[in-house]
Each structure stands twice: as C-alpha cells, then as structure tokens.
Amino acid sequence: MHSKSQPFSGTRRRRFLQNLLAVPAAIMLANASLTAHADSANTTGLAVTDKTVTVGILHSVTGTMAISETGSVQAEKLAIEQINAMGGVLGRKIEYIQEDGASDWPTFAEKSKKLLIKDKTAAVFGCWTSASRKAVLPIFEQYNGMLYYPTFYEGLEQSPNVIYTGQEATQQILAGIDWVVKEKGAKSFFLLGSDYIWPRTSNKIARKHIEKLGLKVSGEEYYPLGHTQFNSVINKIKLKKPDVIFASVVGGSNVAFYKQLKAAGIDMTKEKPLVLTISVTEDEILGIGGENIEGAYASMKYFQSLTNDNNKNFVKAFKERWGKDIVIGDVTQAAYLGPWLWKAAVEKAGSFDIDKVRAASPGIELKTAPEGYVRVHENHHLWSKTRIGNAQADGQYKIVYETKDLIEPDPFPAGYK
Amino acid sequence: MFADYTMTELTSIFAMQGFAGLILFSVFVLMALGLAIIFGQMGVINMAHGEFMILGAYVTYLTSTLFAEYLPSIYDSYFFIAMIFAFIVTAALGALVEWAIIRHLYKRPLDTLLATWGLSLILQQLYRTVFGAREVGVTLPDWLMGSYALNENIEIPINGLFVMGLTIVITVGVALMMQKSRLGKQTRAVVQNRPMAAAVGINTEKVDRMTFALGCGIAGIAGSAFTMIGSTGPTSGQLYIVDTFLVVVFGGASSLIGTVASAFTISQAQSTMEFFLSGSTAKVLTLLTVVGILMLRPQGLFSLKIRR
C-alpha cells in the first residue's frame with residue numbers, strides 16, 4: 001500500500017488530480033459545443049448542465065418566521081414548476097435546492113454560503129426579514145451570487161447582488177398617506193409600530209411626508225416585538241383622537257393589537273379613527289380573524305382580490321397547487337415574481353453568468369405579473385403600483401384605490417441617512 | 001399633555017386606564033399561577049410553560065371548529081367547554097411529562113431547566129407540523145367581543161371583564177384547594193418536608209404528579225382565555241414566558257400571595273408608564289425596577305419561612 005501510494009504524493013499527485021478533473025471537463029466542453037448557446041450560457045462554473053440549471057431557495061420553514069416565509073416558499077416553487085412546464089430557461093429545467101434558515105440569521109449566512117460555494121446555484125430566491133438579508137448580503141457580494149428578495153422593506157439599501165421584488169418604504173407609504181389625506185380628509189396621524197428598523201424607518205418617512213403636507217403627527221409609539229398588551233396605548237389614542245392610526249405592528253403583536261382595538265370599542269368600519277396599516281397582508285388576517293380587523297385599510301402593491309386576468313390565473317394555479325383554503329399576501333406574490341424576473345433576465349442575457357444577468361436586469365418587464373405589470377429599475381427595485389385595500393370580514397381586502405401610474409422606487413429618499 | 005381636554009374626558013380616560021391596568025394584572029396572574037405552583041411547590045423551572053398555554057389555545061381552536069361544525073345551536077357557550085377541555089388536555093400532558101421526564105430529574109434542578117426547554121422546542125415543532133406554521137384564528141362568540149359602554153366616554157372591553165372574572169375564580173379556587181383540600185395539604189406537607197411527609201404515608205410521587213398536572217392545567221386555561229386577546233401560533237407561547245417568569249421570580253417563588261402582589265405591582269407600573277411614556281421605554285423601566293428590587297431582596301417580595 002505504502003509504495004503504491006508513493007507516485008501520487010506531492011506535486012505529481014496534484015497534477016494527477018488535475019488531469020482527472022480535466023477529463024469530465026473536456027467531455028462537458030465537447031458536449032457543450034454541440035448545442036449552440038451552451039458556451040455562452042455558462043462561463044462561471046455555476047451548476048448548469050445541458051439539461052438543468054440549479055437554483056436555491058432559502059427561507060425559514062422552522063422557527064418564528066416560518067409563519068411568514070411559508071407562503072414565499074410555496075410561491076417560488078410554483079413559479080419554478082410553471083417555468084419548467086413551459087420548457088425551462090434557455091432550454092434547461094430548473095432544479096432547486098431548498099435550505100432552511102430556521103429564523104436564525106447566522107444560519108441564513110451559513111446556508112447562503114453553502115448554496116453559493118458548494119451548490120454553485122445560479123440564483124437564490126430567499127430571505128424575508130431585513131435582518132436575514134443583511135446577514136447574507138456580504139456573502140452574496142463576496143461570492144458574486146444573485147438574491148431575489150421578496151419582502152416590502154425599509155429601503156436604504158441597493159446591492160448589485162440583490163433584486164428587490166417587494167416595495168421599498170416610500171412606494172408603500174407615500175401613496176397610502178396621500179390617499180387618506182385626499183379621500184378621507186385626514187388631518188392628524190398616530191404612528192404605531194413594533195420596535196425595530198422597518199417600522200422606525202417607515203414612520204420616519206411617514207412623519208416627514210405628513211409634516212410636509214402641513215398636517216399633524218399626534219403621537220409616535222413603539223412596542224417591543226412580541227408585545228401582547230395594547231390597552232394603554234389604545235387609551236392614549238382615544239385621548240389624542242387622531243384621524244388616522246398608521247400601524248406597522250408585526251407578528252403575534254398584530255393579533256393582540258387588533259383584537260384589543262376592537263374590544264376597546266373602536267369600530268374600524270366607522271373610520272373614527274381610521275386604521276391604515278402597512279404590515280397586515282391576507283396572511284396575517286388568518287391569525288387576526290377577519291371580524292377583528294374589518295374596516296381597516298392597508299397600503300400595499302398586491303391584494304389577492306385583484307381582478308386582472310394574470311391574477312385570476314395565478315390565484316387559481318396557487319390554490320390548485322397548495323390547497324383551496326390558502327390565502328395569498330403581498331409578499332407571496334412578490335416572491336412569485338422572483339423566478340420569472342430571473343428567467344427574463346437570463347434569456348435577455350443569453351447566459352446564466354451572474355454579471356451578464358445583472359447587466360441585463362434593469363429594464364426587464366413582466367407583463368404576466370399577478371399585480372399587473374412591473375419593470376426592474378436601474379436601482380434593482382421594481383416600478384410598481386400601490387393599492388389601498390379595505391379589510392373585509394371574510395379575510396380579504398376590497399380594493400378601493402390604485403395609483404394611476406407605476407411608482408418609481410426610491411430606496412434612498414432625500415434626508416435619510 | 002392634559003391642558004386641551006375637559007374634566008369629563010380626563011376622568012373617563014383615567015377610569016379606562018385604571019381598568020387597563022387591572023386587565024393586565026389579571027392576565028399576569030392567570031399566566032403566572034400555573035408556573036408559580038410548579039416552581040414554588042416543586043422547585044421545577046418549567047420552560048415549556050408557554051407551550052402548555054398554547055396547547056390550551058389550540059384546544060380552544062379545535063373546540064370552536066367542532067362546535068361550528070356540529071353544534072352551531074350552542075356555539076355561544078362553547079368557550080366554557082373549551083376551557084374545561086383545555087384544562088383536561090394540558091393537565092394530562094403535564095402528568096405524562098412529569099412521569100416521563102421530570103420525576104427523573106428532581107435532584108437536578110438545572111437539568112429540568114434544560115429538559116423542559118427541549119420539551120418546549122419539541123412541542124413548538126409538533127404544533128407546527130400538526131396545525132401549520134401560520135397562526136390560526138380562533139373565532140369568538142359574539143358576546144365576548146366588543147365593549148360595554150358604561151357611559152358616553154367610558155368603554156370597558158368585555159373580554160377584559162371576562163379575563164378578570166376568570167382570574168378571580170381560578171385564584172380563589174387554587175387558594176382554597178391549597179388550604180383546604182386533601183391534595184393541597186399533602187402538597188404543602190411534601191414541600192415542607194418530603195421525607196417526613198412520606199413517612200406519614202403520603203404518596204409523594206403521586207402528589208408531585210398531581211401538582212405538576214395542576215400547574216399545566218391552569219396554564220392550559222390561561223392559554224384558552226388568551227385566545228381573546230392574543231395570537232395562537234406555534235411560537236406564541238414565547239410571547240408570554242418572559243413576563244411570566246418575571247412575575248413569579250419577583251413575587252417570591254414559593255408564595256401564591258407573592259405572585260398576586262408581584263403581578264399587581266408590575267402590571268400597574270407597566271400600564272401607567274406605557275400611558276405616559278412609550279412602550280419600549282416602559283418595558284425597560286419596568287425591568288430595571290424589578291432588577292433593582294431583586295438585588296435588594298433576592299428572595300422576592302414574599303417568601304415563606306420554611307425549614308429545609
């Protein structure tokens with residue numbers, strides 16, 4: 001044994017291994033030259049073969065965030081299956097590797113490293129909270145990966161390695177405030193949120209806009225994540241009598257807040273005060289209960305009740321795939337856009353190469369998006385419309401307003417650092 | 001802050017605020033009682049307390065679904081039956097857990113902490129598998145929703161009244177049971193001197209199991225009641241656990257009166273500060289106060305003087 005292993009030691013051994021690796025590589029090259037586009041399709045050592053291309057899905061399916069991220073996983077899988085049924089991307093079927101971020105930010109970082117270095121995925125659809133995105137961002141930038149991120153978020157970020165398919169804060173907030181001011185004659189606002197970066201940045205943007213319109217912010221309050229007792233702040237709201245409660249409470253706190261608001265005798269259908277939320281999608285209403293939030297307004301880009309044909313088909317396909325009782329919220333739809341936007345960019349670039357996909361991304365249009373029509377901006381966010389929905393007892397939103405034009409994404413609004 | 005308001009408005013706000021404090025007090029007592037019994041009487045730190053509460057909430061959810069399906073005529077009263085179910089199911093699981101895990105660890109209190117924490121993770125994942133990762137919406141009978149308008153300005157949440165009533169009934173019930181019933185007397189005897197209690201013929205193992213089951217059962221009832229004010233999801237139990245431990249430790253672990261007094265102090269402090277300051281600041285100040293007092297009185301507000 002010992003003498004036999006001798007020839008392979010040191011530099012000779014390395015050369016042997018190189019030769020060994022060169023053989024399949026040569027075969028692959030030979031194969032590649034048979035198909036016309038294969039050469040240019042893969043130049044970076046990504047997990048692309050003649051028949052398949054591998055992408056990653058990185059969400060929490062365990063832990064606290066599983067509540068929210070489950071819908072995104074379902075949407076991304078549905079989009080991938082539909083793309084495959086249409087023949088795939090550049091003639092290749094999409095295969096996915098799913099990893100669980102487990103609601104833990106270091107785990108997200110570790111799993112993204114695995115998806116990029118070991119699995120060499122051509123794109124990753126994933127993350128939900130800003131914290132998880134911030135955790136994987138340096139890894140995507142270092143190893144040059146491409147992340148499609150679905151959640152509406154606070155903005156103040158723009159990475160060459162991320163496409164943001166949800167709205168950034170100004171798109172969601174400004175249109176909502178303009179609408180309550182114009183249509184409901186709102187003069188004073190009470191800003192209420194959970195205590196972390198997204199509600200705080202959102203309220204900062206909201207406050208600035210409200211004050212610019214010459215109106216009054218009568219209160220701004222934050223409660224720790226997971227807070228379950230809102231009776232005191234509800235009394236405070238009753239005392240201040242604002243026209244609008246602008247709410248960005250999240251998670252389990254949401255359920256407590258709306259149940260207690262209703263129990264305290266604030267009938268949201270009377271709109272005194274009116275509740276405008278940016279954090280309650282149809283998903284959250286499942287937990288809150290439609291009867292407890294009936295009458296509140298939400299400002300978002302997508303509601304399940306949109307009546308365009310794209311959305312009808314999408315809702316039908318989604319229910320066929322994941323069950324008839326399922327509901328689809330804003331983020332789920334945004335997650336569904338990810339694989340389609342990636343497909344369009346790859347086809348425009350004629351290559352899976354990350355740099356080429358990045359260069360091809362701005363200007364990509366999606367006419368088949370359930371929300372209607374979206375276009376990728378130079379800053380990697382989407383042009384999109386904002387809609388106002390009125391919560392109904394059955395857990396759906398009735399759409400009462402939609403912006404006329406697409407709103408330009410502005411992740412770095414003037415005056416925020 | 002108050003200059004712009006009339007006297008009546010201020011009076012009614014203060015009345016409602018006082019009431020908000022009392023509701024918070026009831027909620028604290030209800031969630032801490034089960035833990036206080038287990039911690040105080042047995043010295044077991046039950047990290048899975050929140051998950052037992054959520055089990056109660058899920059039982060309520062199932063009962064409500066069942067009633068809506070098969071017994072819509074008496075749907076309005078399902079909540080009482082749900083609470084009884086919640087008690088039975090969580091108490092049964094508590095007894096099972098005591099038999100399977102806890103009784104092997106009585107001499108190793110730190111290990112019970114780890115074991116029950118592991119149990120809480122297992123239960124969370126179990127709920128996630130059975131009920132799905134999303135929160136479930138528990139539909140409440142109409143009479144429990146909304147508020148009772150005392151006059152034009154004062155509105156009292158009905159579910160708050162309900163929680164208060166429930167808390168009084170359960171606290172009095174537990175106190176009576178501890179003082180008067182056979183199990184209560186046996187439990188106290190075991191707490192005070194285990195070998196002696198065994199020597200006079202008390203089956204200490206059975207007493208342990210019953211006490212643990214009782215604590216879990218009360219957690220179940222609390223969880224059932226909290227479907228009115230909070231969320232029901234796999235990890236919702238975690239929302240309550242910190243406050244619960246705070247109340248029990250602050251009150252002095254082995255005293256039920258201490259638990260009630262501590263719940264009162266913390267709830268009043270918190271709800272008053274939440275009104276005058278912001279939510280996060282109020283929480284920080286409450287925690288600082290509690291830490292400060294515990295530094296001066298490590299045994300908590302009340303402590304029984306017993307011979308170990």
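A crossing of two helices is called left-handed if the near helix is turned anticlockwise from the far one by less than a right angle, and right-handed if clockwise. In this predicted model, H6(B) passes H8(B) in a left-handed crossing.

**Packing of H6 and H8 in chain B**

- Helix H6 of chain B spans residues 182–192 and helix H8 of chain B spans residues 204–226; their axes lie 10 Å apart, at an angle of about 110°.
- Angles of 65 to 115 degrees count as roughly perpendicular, and H6(B) and H8(B) are therefore roughly perpendicular to each other.
- H6(B) contributes Leu183(B), Gln186(B), Thr187(B) and Val190(B) to the contact, while H8(B) contributes Thr204(B), Val207(B), Met210(B) and Thr211(B).
- By type, the residues of this contact between H6(B) and H8(B) comprise 4 nonpolar, 4 polar and no charged.

**Annotated regions of chain B**

- An unreviewed UniProt entry annotates several stretches of chain B as "transmembrane region", among them residues 212–233 and 275–296.
- Residues 212–233 of chain B are 68% helix and 0% strand, with the end C-alpha atoms 24 Å apart.
- For residues 275–296 of chain B, the figures are 91% helix and 0% strand, and 28 Å between the end C-alpha atoms.

**Confidence in chain A**

- The average pLDDT of chain A is 87, and 89% of the residues score at least 70.
- In residues 1–17 of chain A the pLDDT is below 50, and this stretch has 3 contacts beyond near neighbours in sequence.
- Residues 20–39 of chain A also have a pLDDT below 50, with 7 contacts beyond near neighbours in sequence.
- Where pLDDT is low, the predicted coordinates should not be read in detail.

Key
Residues numbered from 1 in each chain as written. Chains lettered and ligands numbered in written order. Predicted model: local features only at pLDDT ≥ 70, side-chain atom pairs only at ≥ 80, totals over all residues. pLDDT = per-residue confidence, 0-100. Contact = placed C-beta atoms within 7 Å. Axes fitted to C-alpha atoms, helices over the stretch in contact; angles between N-to-C directions. Helix = DSSP H or I, 4+ residues; strand = E, 2+ residues; numbered from the N terminus. Parallel < 35°, antiparallel > 145°, perpendicular 65-115°, else oblique. Nonpolar A, V, L, I, M, F, W, Y, C, P; charged D, E, K, R; others polar. UniProt positions renumbered as here; feature names shortened; annotations may be inferred.
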